[in-house]
Amino acid sequence: MKILKFGGTSLGSPENIRKVEAIVAQKSQNHRLIMVASAFGGVTNQLQECSRMAERGNQNYKIKLDELINRHLEAVQDLLGAKSQSGIMAKVRLVLNEVEDILKGVFLIQELSPKTLDRIIGSGEILSALIINEFFLQEGLNSHLINPQEFIITDSEFGKANVDMTLSEEKIKAYYQNQKAEVLVCPGFVSKDLYGNNTTLGRGGSDYTAALIAAALDAPELEIWTDVSGMMTANPKYVKQAFAIPQIDYEEAMELTHFGAKVLYPPSVHPVYKKGIPIYIKNTFEPEAEGTKIHYFPEPESRSIKGISCIENIAIFNLSGSSMVGIPYFSHRLFEALAQAKVSVILITQASSEHSICVAIDLEDVEKAKLAIQNAFSLEFKEEMLNPLYVETDLAIVALVSSQMKNQIGLSGKMFSVLGQNGINIKAIAQGSSEKNISAVIDKKQIKKALNTLHESFFLSDLKRINLFIVGTGNVGKTLIDQLNQQSEYLKEHNQIDLRISGIANSRKMLFDLNGIPFDNAVDTLMEKGQKMDLEHFLDEMKDLNLRNSIFIDNTAHEVVANTYAGVLESSISVVTPNKIACTGKYEDYKKLKNLALRYRSHFRFETNVGAGLPVINTLDDLIKSGDEILGIQAVLSGSLNFIFNNYTGEGDSFADVVKQAQVEGFTEPDPRIDLSGVDVKRKILILLRESGFKMELIDIETIPFIPEKCMESENVEKFFKSIAQEEAHFKKLVEEANAEGKKLKYVATFENGKANTGLEKVAQDSPLYNLEGKDNIVLFNTKRYPEQPLVIKGAGAGAAVTASGIFGDIIRIANAL
């Protein structure tokens, strides 16, 4: 004897029912079997909705009911030929008419008792089994409809009745002995109490019906047919990478079902667990898939965690106060009050000081739980022996499940660390002494992020997904995307880092794709499929997606984008940028961003602010963190100015011509005055000083100009070039004076004795700055550890390729830290 149960999705349409018939026909060739049927998909919810509408006096319940009636009649017409329809149609209409009459009564008196609701919602399974049995007979199966209300006996706890196990088992055995058909079709969910009243076994109770029958008949196995190929490592609705668990222990399965795994009704495991009957979770739509086997002592696997589950719509109650400490029966009073109010406690945690106790319950039970607690402790609240009852809603529980957890060191630490790194705040924690699960209460809005983060860490730890949100697709942005495209496969193979562009934008368009926007045509895809760019909308969407390991990359030079960093970091999204504005504004704003990154476990990286791809800030950071102290800095930090003075000799091309060349080749901004003013160098030395631990503002750094003031005040760029051409003698004199002393002109940023300045300097031949070629940058750090011979960092300090590589480096450093 085999027991097969088919869920609502498996019976959701005539097409699906035909698939079920094929499975039953194949299985019944070698075995007698009992097929337990749920209601058609969604019917129980519809019946409940109709009932509540009728209770409220809303006559639109009739519209909902008509939809439900038509669905069942259409199923009969679709599945059965004309000859078979007449007899079953009368039986179906009889059940539907009874439901219609009861709902009419509910509507008239506007009262709905749990007893009446059971009578209504149990009709879904009865209708389903009626139609399916008739279809089986038409298809040639030796089928017979049986009534579980004749052998599953419960108490009178309507809505979720408790089964009388001993009596039900006796009746099931006796009932089955009188059945001769090869296939018995049994409605699930419904039962009766000792007085003959209709009861139900709770939502999902059809699984329980099947388990009770399997246990009573000592069936060799129980098959639960659903719409997924087994119990999954996580909810596939939230975790796309979730996969079926091949086998699992009974206790692990019970833990997972308790914490929200919906393929199996939690009480269903217990009856077969006692008898050692294995449960198979199978997929109606992929019947050949292996599915999951639930049985005793599955063979050891390398994976210590079997699954990650969650319960949504949770509330927590926190009861605290000095009167709790050391007082006997305090917890007893709390749980007794909740039990009497019929409130189920999902999670409990209590401080060892006994100063507080926290319980998690279903959100639907909040009001009656609150009333029960306030009544039970009214005196203590009145005398202020207890603090006001704290209630928090819109929460969820995530749980790691494994029977081998007690043998694994560091699982709890890893779980909490991973959640913390992604900005997921934990409200409460619980772990039983049996160590079969670790549970944490979090904000409901963080479920998807938490489940994906944990699943990646415990099941896909060989590959870490990094979600990139890129703003700016100019020269640097495009080059960065090209580099990401070139190295993405290498990083997957050698560093287990999976980089994805989840969002991209420029000044015109923005686009999001959770599956990743292809690197090789990201900008073209943006322009073809993107919507109109709105920075606020882009940031809101990025935050609402709430993806794990997210990095916001600002490739612009816009202040409006830089001003958004605080909100991004507060959302536990890391920031990488070559944009210097955020780090060179007010010191307090700069410090705020650094502190926000620490507080929200995000990262704020801006290596390219100073030396493009040169490891200047990272080196400085290592020096400071290891206890060194900066005494002095001397640096050439402008690739454009270095290019200009390396190419201007005073003999060939004019100064204006060299500046024009630098502009054309992209070494300067479109308006070269920005570079020639030295403000960019001033910002860079300010960043280095702040990173060195000095509290300085931009105004504290002296700038010594070398461009005549009237040139800088030109109306536009064209007039500026004419103006500096007229000042050729001035620039030629600067070069000639340096040559006369055997020196070269370099634009240098200097910090010494607590003061900083930037300006054009004549550099001697013995200086490391003298032979600096092309657009290279150089930084000399004099520190307590390098007091005489400075630490030197030198290399290309401008250009899209090196700037993009610096941004790329920051991305990888964050990925390695996550």
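Lys2, Lys27, Glu221 and Glu223 are linked in a network of salt bridges. A salt bridge here is a side-chain nitrogen of Lys or Arg within 4 Å of a carboxyl oxygen of Asp or Glu. The model is predicted: local features need pLDDT of at least 70, side-chain atom pairs count only at pLDDT 80 or more, and totals for chains, interfaces and linings use all residues. Residues are numbered from 1 along each chain as its sequence is written, and side-chain values use heavy atoms, with hydrogens and water left out.

**Overall build**

- The protein chain has 32 helices and 30 strands. Both are DSSP runs numbered from the N terminus (helices: H or I, at least four residues; strands: E, at least two).
- The radius of gyration is 36 Å, well over the 28 Å that the globule rule gives for 818 residues, so the chain is more spread out than a compact globule. The radius is taken over C-alpha atoms, and the rule is 2.2 Å times the number of residues to the power 0.38.
- Along the principal axes, the C-alpha atoms fill a box of roughly 120 × 70 × 55 Å.
- Of the 818 residues, 54% are buried. Buried means under 20% relative accessible area, exposed means over 50%, and partly exposed lies in between (1.4 Å probe, protein chains only).

**Salt bridges**

- The whole structure holds 35 salt bridges.
- Glutamate 169 pairs with lysine 275, with the closest N and O atoms 3.6 Å apart. This pair links distant parts of the chain: glutamate 169 sits in helix α7 (residues 165–177) and lysine 275 in helix α10 (residues 269–275), 106 residues apart.
- Glutamate 169 is partly exposed at 27% relative accessible area. Lysine 275 is partly exposed too, at 36%.
- Lysine 427 and aspartate 443 meet in a salt bridge at 3.7 Å, N to O. They also link distant parts of the chain, 16 residues apart: lysine 427 is in the loop between α14 (411–421) and β16 (428–431), and aspartate 443 is in strand β17 (residues 437–443).
- Lysine 427 has a relative accessible area of 30%, which makes it partly exposed. Aspartate 443 counts as partly exposed at 21%.
- Aspartate 810 and arginine 813 form a salt bridge at 3.3 Å, N to O. They are separated by about one helical turn, because they are three residues apart in helix α32 (residues 800–817).
- Aspartate 810 is buried, at 0% relative accessible area.

**Negative surface patch**

- Asp66, Glu67, Glu100 and Asp101 gather in a patch of negative charge on the surface. The elements giving two or more residues to this patch are α3 (61–79) and α4 (82–109).
- Patch members have over 30% relative accessible area and no salt bridge; like charges are joined within 9 Å, and nonpolar side chains (Val, Leu, Ile, Met, Phe, Trp, Tyr) within 5 Å.
- Asp and Glu count as negative, Lys and Arg as positive; His and the chain ends are not counted. Each charge is placed at NZ of Lys, CZ of Arg, CG of Asp or CD of Glu.
- Accessible areas come from the Shrake-Rupley method with a 1.4 Å probe; for residues, only the protein chains shown count as cover.
- Glutamate 67 lies in helix α3. Glutamate 67 is partly exposed, with a relative accessible area of 44%.

**A buried strand residue**

- Isoleucine 470 belongs to strand β18 (residues 464–471). Isoleucine 470 is buried, at 0% relative accessible area.
- Isoleucine 470 and glutamate 55 are 415 residues apart in sequence. In space, their C-alpha atoms are 53 Å apart.
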